[in-house]
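Take a look at the model below.

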Amino acid sequence: MYLSMSRSSKRLVHAKPSCLNPFLNQLLMPGATCRKNSQQGGLIHKMNSISFRFLTSFHNEEYEENCDRNQYDGPSALSYIDGVEMPITSKLRITTPEEDIPSGIWPVYRILDEHGCLVNSTEPETFTYSELKALETTVQDATKVSGNGQSELLTTLRNSLLDRHVDRKSFISQSELFQPSQNEYSDVPDEHSRNTLLRCHRTMIRLREMDDILSSAQRQGRISFYLTCRGEEAMTIGSASALKSSDVLLTQYREQGLFMWRGFTLEQFTNQCMGNDMDLGRGRQMPIHYGSRALNIHTVSSTLGTQIPQAVGVAYKLKLDALSGKSDHPSVNNGYAISTPTREQYASDGVVCRGKGYGMAAIRVDGNDLFAVHEATRAARAYALHNMEPVLIEAISYRQGHHSTSDDSFSYRAKEEVTDVQEKYDPLTRLNTFLMDNECIEEEDLLAITSEERRSVLTALGKAESRPGTKLETMFKDVYHEMPESLKNQERELLEHMHKYPDHYSEKRD
């Protein structure tokens, strides 16, 4: 089960070259241990997208030279403007409730740096908890899948990365993002129908184009409300791609990517925002409050925190049914709580340290790094199933857009701050760079994909806008399996009232 919250906060951080302080790489969490595997468990994956604005102090020429030679280790720490340093680690470790929490500041797990280059690992990558060995079987099965030459393309990429990043052998060899998918994806071209990495990339582009167009549609008065997830795409897509379709999701309102990855179509997104007759929610919710029983995703709630007790109930029901309960909880803490910055919300070290207090395993991850989010979620899911216990994941990122179309974020943050993040540390730009540097795509491909996805969104919006509204009688459906007399009376009274005052009610939506 995937549980999600959102509470924004602000933390501006500064990337320091690792050569200035190599000892920060030693600030790692103790290894985690697990018991034997189980078919039941709970995963709480807390995506905390605390603002992250890097101000790199090294020269690009130096980076490019060292990156090509596999000598560049990336920044070794992030530090807040108030002087608090957050070390970066290239080793994936989940701290269990029984272990002592890291002294000082929790480190941030990262694989891909701001320049789209794999960060060198300073320690062996062997996982310290045994249940992840089961993941190797999944990868081995995936390598047997072939079709349309896709295995060869991914093999070429893996081999190229292994030649240049010997220290990341475990990650490159075992990551599902570098293996052909066992299932075909229907929303990407046939030649990439089993390429999870390229589907992640295309989905991030589709998500950004949809956000841009629907946000503009609200400004034009075509829909009543919207909010974007710009800058947070790697968190939702990285997490969703690591989960199974059978995992139940409880999301917050800035996680359209989870729906999109599961197969929620552009038509379904736009139908919901328009509240037309094809809206799965029958026009009862505000725009962006999606839900899909078919995709195992509970309907989005406006109020933050509602997902926590809901997730507990869902997990308990799944256990009663002897099914696997998995709860993935991203609390999208993305720079601000609407306008309240992080430094005014926490006296402690962000959110991740709260895991210990709640008796939960925890890990902090770079939320702008698709690979790190994917691997952390994958490991947390395995941990939860093995131990029947939740995991808290804090992902560090930045909310690039306004809180919603009802908000003007420039009244409480500088435009230059947002522009700096967009130009230098955008998660999609980071992935674009990685794919182009490794010859997976070319700039022409990127432009073509963006244009194609934009046209698809515009087409879906036009169709949704032309459809009729919801029928009046649907107002009284879905509350009870069989409508009770009290509700039938309410429906009759409403119809009588409308018939008595016809000039005050429009029939257009019928």
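Predicted model: local features only at pLDDT ≥ 70, side-chain atom pairs only at ≥ 80, totals over all residues.

Start at strand β11, residues 361–366. Here 6 of the 6 residues are buried, so β11 is largely enclosed by the rest of the structure. Buried means under 20% relative accessible area. In a regular strand the side chains alternate between the two faces of the sheet. In β11, Ala361, Ile363 and Val365 lie on one side. Ala362, Arg364 and Asp366 lie on the other.

Now move along the chain. Helix α11 spans residues 370–387. Together, β11, α11 and β12 form a β-α-β unit, and this unit is right-handed.

Strand β12 covers residues 391–396 and is mostly covered, with 6 of its 6 residues buried. Val391, Ile393 and Ala395 point one way. Leu392, Glu394 and Ile396 point the other way, and they are buried as well.

How do the two strands meet? β11 and β12 run parallel, joined by 6 bridges. Ala362 stands opposite Leu392 of β12. Arg364 has Glu394 in β12 as its bridge partner.

Key: Residues numbered from 1 in each chain as written. Heavy atoms only, no water. Buried < 20%, exposed > 50% of the residue type's maximum accessible area, 1.4 Å probe, protein only. Helix = DSSP H or I, 4+ residues; strand = E, 2+ residues; numbered from the N terminus. Pairing = 2+ DSSP bridges. Right-handed = clockwise from strand over helix to strand, strands pointing away.
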